[in-house]
Amino acid sequence: MKSGIALSAQSLSASLGGRAVLYDISLNIVQGQWTSILGPNGAGKSTLLKAFAGLLPHSGSVSLLGQPIQSMPRRSRARALAWLGQNETAADDLSAWDVVMLGRLPHQAWLAPPNDKDLAAVERALRFTQAWDWRHRPLGQLSGGERQRVLLARALAVEAQVLLMDEPLANLDPPHQADWLCVVEALLMHGGTVVSVLHEITIALNANRLVVMREGRVTHHGATQDAATRDAVCQAFDKRIAIHPLNGQWVALPHIPSVNPFHPVPKDASP
Amino acid sequence: MNVTRTGGLLAWAALVCAAVVVLGLCIGSAGFENTVGALLGPPNAERAMAQQIVWDIRLPRTLGALAAGALLGLAGALAQGLFRNPLADPYLLGSASGASLGVALALASMGSAGMLGSSVVNEASVAASVFSSSVWVRLGLTGAAFAGAVLAVMLTLSLARGVQHTLRLLLAGVIVGVVLGAVTSLVLLFSPDSLQAMQSFLLGSTSFIGWTSCLLMAVVWLLCALAAWTLARVLDGLSLGEATAQSLGLPIGPLRAALVAVLALATGTAVAQTGLIAFVGLAAPHLVRAMARVPHRQLMWLSSAMGAVLLGGADLLARWLIAPQELPVGVLTAVLGGLYLLWLMHRGSGSLGGLRT
């Protein structure tokens with residue numbers, strides 16, 4: 001396992017629309033691992049991810065693979081770091097293939113047509129996310145889940161060392177969420193670094209490391225296997241969730257009021 | 001796959017444009033005349049007359065309508081890509097209201113100069129159309145329209161504090177449109193003589209396009225289309241969202257400024273030559289999308305071609321429907337464009353399908 005630092009933030013603060021959102025965050029993201037950022041709504045998770053991607057003005061410093069991100073040439077930064085945002089796309093007219101090919105922009109000269117390497121990367125990404133069969137269909141004609149897989153393929157086609165994903169599981173059904181985990185695993189096997197913001201805590205508990213956030217601050221950062229990390233996750237949600245072991249994996253469940261008002265569970269059923 | 005389809009559609013558009021040109025030579029104030037036959041016939045007085053009518057009036061007008069349509073179609077595709085909104089139209093940055101104010105001010109100043117006995121005035125005040133046959137009046141009004149359009153776009157940009165925020169740009173465009181519209185009304189209130197001439201401008205007309213205008217629009221279209229073609233991948237990138245486009249290494253700020261400049265130049269040139277022609281810029285990209293879903297690089301050419309077909313066709317209809325009278329072509333495009341958008345909404349499957357409630 002590599003132990004270098006992929007992304008590093010030092011005294012990072014940021015505000016949105018005049019309101020402070022991130023306060024003095026110092027954090028190192030380990031290379032070759034999957035780090036998941038968790039926290040309740042409004043904790044500043046997506047903002048932190050954007051700041052890591054160099055997409056947000058901030059104070060303090062962020063470095064990518066040892067270089068200050070703001071002073072990196074735009075294209076080399078784009079080749080080193082890929083970004084998958086949430087719900088921004090209006091590319092309904094483009095075919096899935098065209099969308100994924102946009103991921104190759106950082107590698108292409110301005111007006112040059114795609115070369116063999118680009119074509120191979122796009123095909124690999126589309127097959128990887130099982131979107132190959134409908135590569136010719138316009139994005140506007142795909143279902144939410146299919147769309148999300150194309151957008152993931154777009155981010156994969158960049159073939160960057162570091163991949164940042166904001167809510168990548170939106171619209172994906174549970175089997176495709178599991179497929180997403182396989183994609184992440186494959187990326188890690190090839191030495192990639194993955195940072196994700198997820199609301200699906202059970203999926204996030206598969207990450208190597210967790211960054212727990214609350215009210216714009218990092219309250220904990222550690223390995224998922226540490227009990228202290230899982231405790232910190234429950235704390236961040238005011239103990240309104242509990243994490244249980246089940247069939248060899250960790251499962252997060254919300255605490256539901258003492259009696260389930262919709263489907264009361266029989267008293268003799270085990271919890 | 002897309003490229004073949006685009007080629008096919010462009011070939012169709014070229015054929016339709018050729019048909020528009022041939023018909024455009026034959027349709028005049030007396031309805032349909034076989035001018036082409038006369039042109040190819042024996043050299044006599046009829047042929048000389050036909051030559052004059054075709055060469056001096058109908059050919060530049062028909063080609064001009066095609067060029068203006070191509071400019072508006074291109075500007076529409078640019079605006080919708082830039083604002084990431086299928087309802088964006090080329091006049092959104094305030095160019096239309098700026099051009100109107102420019103023309104209103106020019107007409108009013110010509111009117112007041114008339115009281116001082118200037119020779120230009122009579123023509124300006126007598127002209128039933130803003131597109132007067134006097135070269136000086138036309139040059140002055142065209143220049144005023146263009147200057148107004150450019151200044152309004154600059155005002156919009158300064159109010160929006162640059163081109164960084166699409167929504168701010170859109171809002172600034174709307175504000176500039178409303179305020180300049182009010183100022184135009186005020187100018188017209190104090191100079192009622194200009195009202196009739198102003199009306200021609202507001203309704204849009206292709207009647208008085210000469211060779212100079214025609215050439216100017218063709219050259220500007222070529223420049224704008226080439227610029228748009230080179231910037232098309234930026235629009236594709238932007239359609240993925242601003243953050244994603246930025247993450248792909250695109251220098252969004254300067255590229256957006258370049259796109260706004262191309263949009264302003266294309267719209268300003270068309271408006272200055274033909275007045276405010278409604279709906280062509282809005283409808284052309286939608287019509288293309290109803291036939292083929294293509295990346296922006298191909299959309300630029302197809303939308304230009306569709307704009308040319310639309311305005312060229314509307315120009316023919318405007319001349320022919322109530323001949324020897326002529327309908328203002330802008331009224332026709334507004335009615336036809338409105339009906340088309342309505343149909344698209346009810347059909348629910350087009351790019352406006354999402355608007356159905």
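Reader: Which residue of E2(A) is the bridge partner of Ala9(A)?
Author: The model is predicted: local features need pLDDT of at least 70, side-chain atom pairs count only at pLDDT 80 or more, and totals for chains, interfaces and linings use all residues. Residues are numbered from 1 along each chain as its sequence is written, with chains lettered from A and ligands numbered from 1 in the order in which they are written. Strand E1 (residues 5-16) of chain A runs antiparallel to E2(A), and 8 bridges join the two. Within E2(A), the partner of Ala9(A) is Leu27(A).

Reader: Which are the edge strands of the chain A sheet?
Author: This open sheet has 4 strands in the order E2-E1-E4-E5, with antiparallel pairing (two strands pair if DSSP finds at least two bridges between them). Strands (E, at least two residues) and helices (H or I, at least four) are DSSP runs numbered from the N terminus. Those that pair on one side only are E2(A) (19-30) and E5(A) (67-68).

Reader: Are H3(B) and H9(B) roughly parallel or roughly antiparallel?
Author: Helices H3(B) (45-82) and H9(B) (211-238) pack at an angle of about 20°, where angles run from 0 to 180 degrees between N-to-C directions of axes fitted to C-alpha atoms over the stretch in contact. Angles under 35 degrees count as roughly parallel, over 145 as roughly antiparallel, 65 to 115 as roughly perpendicular and the rest as oblique. H3(B) and H9(B) are therefore roughly parallel.

Reader: Which element gives the most to the side of chain A that touches chain B?
Author: The contact (C-beta atoms, placed from the backbone, within 7 Å) takes 22 residues from chain A and 21 from chain B. Helices H2 (74-80) and H3 (96-102) of chain A each give two or more residues to this side. With 4 residues, the element that gives the most is H2(A).

Definitions and conventions. Contact = placed C-beta atoms within 7 Å.
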